[in-house]
Amino acid sequence: MDLRIFSGRISGTVTLHGDGPPAITGEIAFERISAKRFGAALGVGEQFDGDLAGVLRFSAMSETWSTIARSIYGQGSFTVNRGSLGGIDLPEAVRRFSDNPATLGGATRFEQLTGAISLTPERYRFSRLLLHAGTMQSTGQIEVNDDLQLRGRMAVQMRGRADPTIPILISGSLKTPLESN
């Protein structure tokens with residue numbers, strides 16, 4: 001397959017198995033996908049921005065074709081260039097450094113975000129995250145469950161700060177994340 005979608009391109013192979021229980025397997029590569037448009041199509045909103053690229057291997061088996069999307073397992077890697085994470089303001093979380101969870105709003109603009117993704121029917125796990133944003137670099141992992149609740153941790157390094165690394169815990173909902181140290 002070769003699709004033009006969300007201002008970008010998805011190519012790869014997908015196999016549908018209809019003899020026996022409905023099943024699907026595949027491997028895709030994607031490039032220049034609009035993270036904002038992709039998020040809106042998934043129903044998570046337009047709070048993420050940037051050009052998304054990567055690869056994903058996936059499979060699913062279900063009782064019926066209508067429920068196959070809720071049974072997908074997958075693994076892959078991704079890169080987002082020139083983007084922003086809406087609702088997660090890492091520089092502000094470092095500046096305020098508090099143990100009390102707070103919704104900061106705002107956004108973290110970045111040059112590049114890379115990582116690995118693991119999909120299960122219950123959650124998406126983003127691991128080996130590496131975010132570059134000017135004088136800030138951050139590493140960590142975040143899980144998003146099927147109710148769009150977050151759980152994760154980022155280690156933020158700011159050049160020119162006395163503290164070498166500040167741990168930021170991320171929780172709450174995807175629409176209104178909470179941050180604490």
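Me: What makes up the fold of the protein chain, in helices and strands?
Reply: In this predicted model, the protein chain has two helices and 11 strands. A run counts as a helix at four residues or more, and as a strand at two or more.

Me: In which order do the elements run from the N terminus on?
Reply: The order is β-β-β-α-β-β-α-β-β-β-β-β-β.

Me: Why is the protein chain called as compact as a globular protein of that length?
Reply: The radius of gyration is 18 Å. The globule rule gives 16 Å for 181 residues. The two values are close, so the chain counts as compact as a globular protein of that length. The C-alpha atoms fill a box of roughly 60 × 30 × 25 Å along the principal axes.

Me: How much of the protein chain counts as buried?
Reply: The share is 39% of the 181 residues. To be buried, a residue must have under 20% relative accessible area.

Me: What share of the contacts with a separation of 6 or more comes from residues 24 or more positions apart?
Reply: Such pairs account for 46% of those contacts. A contact needs heavy atoms within 4.5 Å.

Me: Why is S84 called buried?
Reply: The cut-off for buried is under 20%. S84 has 9% relative accessibility, so S84 counts as buried. S84 is found in strand 5, residues 72–86.

Me: Which residues does S84 touch, beyond those up to four places away in sequence?
Reply: S84 touches Q47, F48, D49, T108, R109 and F110. Take R109, which is 25 residues from S84 along the chain. Their C-alpha atoms are separated by 4.2 Å.

Me: What makes strand 5 and strand 6 a pair?
Reply: Two strands pair if there are at least two bridges between them. Strand 5 and strand 6 (residues 107–119) are joined by 12 bridges, so they pair. They run antiparallel. In this pairing, S77 stands opposite A116 in strand 6.

Me: How do you know that strand 6 also pairs with strand 7?
Reply: Seven bridges join strand 6 to strand 7 (residues 123–133). At least two are needed, so these strands pair. They too run antiparallel. L113 has L131 in strand 7 as its bridge partner. A hairpin through three residues joins strand 6 to strand 7.

Me: What makes strand 1 and strand 2 a pair?
Reply: Four bridges join strand 1 (residues 2–5) to strand 2 (residues 8–17). The requirement is at least two, so they pair. The strands run antiparallel. I5 stands opposite G8 in strand 2. The two strands form a hairpin with two residues between them. In the turn, F6 has a positive phi of about 50°.

Me: Why is S173 called buried?
Reply: S173 has 18% relative accessibility. The limit is under 20%, so S173 counts as buried. S173 sits in strand 10, residues 166–173. Leaving aside neighbours within four places in sequence, S173 is in contact with L148, Q149 and L150.

Me: Why is R70 called exposed?
Reply: Exposed means over 50% relative accessible area. R70 is at 59%, so R70 counts as exposed. R70 lies in the loop between strand 4 (48–61) and strand 5. Q157 is 87 residues from R70 along the chain, and their C-alpha atoms are separated by 37 Å.

Me: Why are R82 and R128 called exposed?
Reply: R82 has a relative accessible area of 61%. R128 has 66%. The cut-off is over 50%, so R82 is exposed, and so is R128. R82 is in strand 5, and R128 is in strand 7.

Me: What phi do R82 and R128 have?
Reply: R82 has a positive phi of about 50°, although R82 is not a glycine. R128 also has a positive phi of about 50°, and R128 is not a glycine either.

Notes. Residues are numbered from 1 along each chain as its sequence is written. This is a predicted model: local features need pLDDT of at least 70, side-chain atom pairs count only at pLDDT 80 or more; totals for chains, interfaces and linings use all residues. Side-chain values use heavy atoms; hydrogens and water are left out. The radius of gyration is taken over C-alpha atoms; the globule rule is 2.2 Å times the number of residues to the power 0.38. Buried means under 20% relative accessible area, exposed over 50%, partly exposed in between (1.4 Å probe, protein chains only).
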